[in-house]
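Dear colleague,

Please find below the structure that I am handing over to you.

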Amino acid sequence: MPREQGRKLVASNRKAHHDYTILDTYEAGMVLTGTEVKSLRAGRASLVDAFGHEREGEIYLHGMHIPEYTQGTWTNHEPRRPRKLLLHREEIHKMLGKMRDDGVTLVPLAVYFHNGYAKVELGVAKGKKSYDKRQDMASRDAEREINRAMGRRAKGMD
């Protein structure tokens, strides 16, 4: 059977870009059981309230929900268990160096399959204040209005 090619998105954390300023991103593999992989291939996962945490020099993903596999038996997995992430030692040291600052955390942005392997995209993120969120929304709205006006002008409506 040929190996899958390309990138197949399973779940994304759209709220992360609203709540955090993403400083840097990393791609990591995950240590999963067989039923977790089958559940992910079925497109079932949730990144709400998930975060990365360092323990004994390794990074673990806590709070990610992968529901039990429906055809699984007694070998099924626990839905919210901590999952070890596979990263190079240098990447872990870079992440931990950035996470030492106040208000900086590790947030999963997306879970996907890349060439048949389950991967997670991690963001080193700093929490936004409410006024930052309002500023971002205002700038997005202004950009959208500008694009609409440019589109109308290009069509000769103005």
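This is a predicted model: local features need pLDDT of at least 70, side-chain atom pairs count only at pLDDT 80 or more; totals for chains, interfaces and linings use all residues.

I begin with strand E5, which spans residues 83–86. Arg83 and Leu85 form its covered face, whereas Lys84 and Leu86 form the uncovered one. E5 pairs with strand E2 (residues 20–30) in the antiparallel sense, over 2 bridges; here Met30 has Leu85 as its bridge partner. Strand E4 (residues 58–62) also pairs with E5 in the antiparallel sense, again over 2 bridges, and the partner of Leu61 in E5 is Arg83.

Next comes helix H3, residues 89–99, whose buried residues are Ile92, Met95, Leu96 and Met99. These buried residues line one face of the helix, because they fall within an arc of 95° when seen down the axis of H3. The buried residues of H3 pack against E2, E4 and strands E3 (51–55), E6 (104–114) and E7 (117–127). On the face turned away from the buried side, H3 carries the exposed residues Glu90, His93 and Lys94.

Finally, the largest pocket has a volume of about 200 Å³. Its lining consists of 13 residues, and those nearest its centre are Asn13, Asp19, Tyr20, Val48 and Asp49. Helix H1 (14–19) and E6 are the elements that each give two or more residues to this lining. By type, the lining residues of the largest pocket are 8 nonpolar, 2 polar and 3 charged.

A colleague

How values were computed:
Residues are numbered from 1 along each chain as its sequence is written. Side-chain values use heavy atoms; hydrogens and water are left out. Buried means under 20% relative accessible area, exposed over 50%, partly exposed in between (1.4 Å probe, protein chains only). Helices (H or I, at least four residues) and strands (E, at least two) are DSSP runs, numbered from the N terminus. Two strands pair if DSSP finds at least two bridges between them. The arc is that of the directions from the helix axis to the C-beta atoms. Contact means heavy atoms within 4.5 Å. On a 1 Å grid over the protein atoms alone, a cavity is a set of points where a 1.4 Å probe fits but cannot get out, and a pocket is an open set with protein on both sides within 12 Å along at least five of seven lines; lining residues have an atom within 4 Å of a point. Grid points are joined across faces, edges and corners, and a volume is the space filled by probe spheres set on the points. Ala, Val, Leu, Ile, Met, Phe, Trp, Tyr, Cys and Pro count as nonpolar, Asp, Glu, Lys and Arg as charged, and the others, Gly among them, as polar.
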